[in-house]
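These are my notebook entries on one protein chain, written while I went through the model from the whole chain down to single residues.

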Amino acid sequence: MKNEELKRLSPLLRQAVSFQPMTSGFSGDRTFLVTTLSSEKLVLKLTDIHTYDSLKRKAPLLHKFKERGILCSEVIDIGLNDEQSCSFRLFPFIEGENARASIHLRTTEEQYEIGSRAGMDLSLMHSYPAPSSTKPWDERVMAKHERYVHAYHSSGVTFEHDQFVLGFIKSHADVIRGRPNRFQHDDFHLGNIIIQSNQYAGVIDFDQSDWGDPVHDFYKLSLFSRESSIPFSVGQLDRYLSTHVTNDFWLLFSIYTAMSFFSSIVWALTFDPAHVKDMVNRVNRMLIDHDRFNLLIPTWYTNWHHA
């Protein structure tokens, strides 16, 4: 889509002077950093037209988050473009650096504080209950898990002790029953966090957000954030646990981490096949972190607090 066509999407884009393509991960969305005549910066995301209804329903919630003090970009315009068969959204641009790429440049104390502030925002997000029409969490998560396990068995890719892990999940599945349906970011990790001036500046990319058990939001910490920054990961957990009393938190944390072994490998095979081996290595690392789930609290968290 040419710049003049992009300008016609929204009145807020009429004064745009540049559209700089941005990296959009694996979603297939087209994302642009927009600069206007007044030097204001916006983010424009173009998404498949079929996602419009879902994204429109989510937009007001981001406004509520901003009102509660959560550092995130609210949707300031959303619409459809039939000619290009896409939906569009406009967000204010959060100044700063991607945390995954730059967290290692911060001191241990700064990394911990950034994680702590992220944990506070996640805690606030999790205070929002799901619509009453939402199906029970345990039914949805177990059905999804079974689909991933079936795809895993059909893939030809394996990791050590996979049957043991499946047994661990099955033997504790009853703990998931009755878990609350609350807001889930569903992609909360360092790759979606912005840092500015050595401080947490906000979280982005709510496109995968859903409703379910809040503890499920921590599996991306085990999968991704922990490998980039243990101080950040500990800080996120410490702040969250200081404000949330959750029975069986570490058991649930371990169950969802174990489930992610299968879903992550299937995801990599589908969207990033060149890095399947890297994903299997992550799975093996998480197995070590939990001593094959003889430990519910991962060793990196325990070692930090015993250091």
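How many helices and strands does the secondary structure of the protein chain come to? I found 11 helices and 10 strands, where helices (H or I, at least four residues) and strands (E, at least two) are DSSP runs numbered from the N terminus.

Before going on, I noted that this is a predicted model, in which local features need pLDDT of at least 70 and side-chain atom pairs count only at pLDDT 80 or more, while totals for chains, interfaces and linings use all residues. Residues are numbered from 1 along each chain as its sequence is written, and side-chain values use heavy atoms, with hydrogens and water left out.

Entry on overall form. I looked up the radius of gyration, taken over C-alpha atoms, and it is 20 Å for the protein chain, which agrees with the value near 19 Å that a compact globule of 307 residues would have; the globule rule is 2.2 Å times the number of residues to the power 0.38. Along the principal axes, the C-alpha atoms fill a box of roughly 60 × 45 × 40 Å.

Of the 307 residues, 50% are buried, meaning under 20% relative accessible area (1.4 Å probe, protein chains only). I then checked contacts, which are heavy atoms within 4.5 Å: among those with a separation of 6 or more, 71% come from residues 24 or more positions apart.

Entry on domains. The chain is divided into domain 1 (3–92) and domain 2 (97–303), with bounds that come from an automatic or database domain assignment. Their C-alpha centres lie 27 Å apart, and the contact takes 16 residues from domain 1 and 20 residues from domain 2.

Entry on Gln236. Is Gln236 buried or exposed? I recorded Gln236 as buried, because its relative accessibility is 0%, and I placed it in helix H8 (residues 230–243). Leaving aside neighbours within four places in sequence, Gln236 is in contact with Gly115, Ser116, Gly119, Leu122, Phe188, Phe218 and Leu221.

Entry on Ile176. I found Ile176 in the loop between helix H6 (162–171) and strand S7 (182–184), and with a relative accessible area of 0% this loop residue is buried. Which residues does Ile176 touch, not counting those up to four places away in sequence? They are Trp137, Asp138, Val141, Met142, Leu252, Ile255, Tyr256 and Met259. I also noted that the C-alpha atoms of Ile176 and Leu251 are separated by 9.8 Å, although these residues are 75 apart along the chain.
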